[in-house]
Amino acid sequence: MQQFLRDYLELHGYWVLFLWTFLEGEAGLILAGFLAFQGYLNIFGVIVTALAGSFCGDQFYFYLGRWQGRRLLKVFTSIAKKFHKALKLIEKYGTFVAFISRFTYGFRIILPVILGMTNLGAAKFCGLNLLSALCWSIIFSLAGFLFGKSASLFVEDVSRYEPYLMLILISLIGCMWLSHLIHARWRRRRARKRLRRMKSRSGSTR
């Protein structure tokens, strides 16, 4: 099984990681970092591949917003719903949003699209995107690598318990994703309650 995984990752690991990070990617990148610790991938190759994938992805979304942004708002309601929230982030943080966009849950794809619809210069976005992609790829690659390193302090033969460690890592990633989801729903409920209170107050004053 280990030999099959090694052969498969040698053939397909890096381009799969590139596509994964092009589209989204923290979970896949953390797993790739752990696989690099196990020797299936090279940690520097993982970082460079993730850097390339995430950078190219946000560049694509930025120019997609610049060329087809208004049409996307009409076609995709999910983008339209988050449009005003994204604008508030841009108003609050300015061009720094181009750096933090890939670290924001639920807005990673939408923010570059909306930034493309603003007057932000393409060269400035490219520089901030490159710096952000570099930081992001290093942080999450090393997160998976250091998970394996930490496990080796408690387990003498990490390869023997590799499936269990993978399961633990996937469970931790799932818990992180679930906590983000619960937090987002909690914030939406609070916003709805505030809106209902405001409507009730405005109705009572009439």
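At what angle do α2 and helix α3 pack, and how far apart are their axes? In this predicted model, α2 and α3 (residues 43-75) pack at an angle of about 160°, with 9 Å between their axes. That makes α2 roughly antiparallel to α3 (angles over 145 degrees count as such). Axes here are lines fitted to C-alpha atoms over the stretch in contact, and angles run from 0 to 180 degrees between N-to-C directions.

**Basis**
- Residues are numbered from 1 along each chain as its sequence is written, and side-chain values use heavy atoms, with hydrogens and water left out.
- Since the model is predicted, local features need pLDDT of at least 70 and side-chain atom pairs count only at pLDDT 80 or more, while totals for chains, interfaces and linings use all residues.
- Helices are DSSP runs (H or I, at least four residues), numbered from the N terminus.

**Helix α2**
- Helix α2 covers residues 26-37, 12 residues in total, and spans 17 Å from its first C-alpha to its last.
- This is close to the 16 Å expected at 1.5 Å a residue, where the expected span is 1.5 Å times one less than the number of residues.
- Because 9 of its 12 residues are buried, α2 is largely enclosed by the rest of the structure; buried means under 20% relative accessible area, with a 1.4 Å probe and protein chains only.
- The buried residues of α2 include Gly28, Ile30, Leu31, Phe34 and Leu35.
- Gly39 follows α2 and has a positive phi, near 95°.

**Contact of α2 with α3**
- From α2, Leu29, Ala32, Gly33 and Ala36 meet Ile43, Val46 and Ala50 of α3, contact meaning heavy atoms within 4.5 Å.
- The residues of this contact divide into 6 nonpolar, 1 polar and no charged; Ala, Val, Leu, Ile, Met, Phe, Trp, Tyr, Cys and Pro count as nonpolar, Asp, Glu, Lys and Arg as charged, and the others, Gly among them, as polar.

**Ala50**
- Ala50 lies in helix α3 and counts as buried because its relative accessibility is 0%.
- Beyond neighbours within four places in sequence, Ala50 is in contact with Leu17, Thr21, Leu29, Trp136 and Ser137.
- Leu17 is 33 residues from Ala50 in sequence, with 6.7 Å between their C-alpha atoms.

**Contact of α3 with α7**
- Helix α7 (residues 122-154) and α3 cross at roughly 145°, their axes coming within 8 Å.
- The crossing of α3 and α7 is right-handed, and the residues of their contact divide into 18 nonpolar, 5 polar and 2 charged.

How values were computed:
Helices (H or I, at least four residues) and strands (E, at least two) are DSSP runs, numbered from the N terminus. Buried means under 20% relative accessible area, exposed over 50%, partly exposed in between (1.4 Å probe, protein chains only). Angles under 35 degrees count as roughly parallel, over 145 as roughly antiparallel, 65 to 115 as roughly perpendicular and the rest as oblique. A crossing is left-handed if the near helix is turned anticlockwise from the far one by less than a right angle, and right-handed if clockwise.
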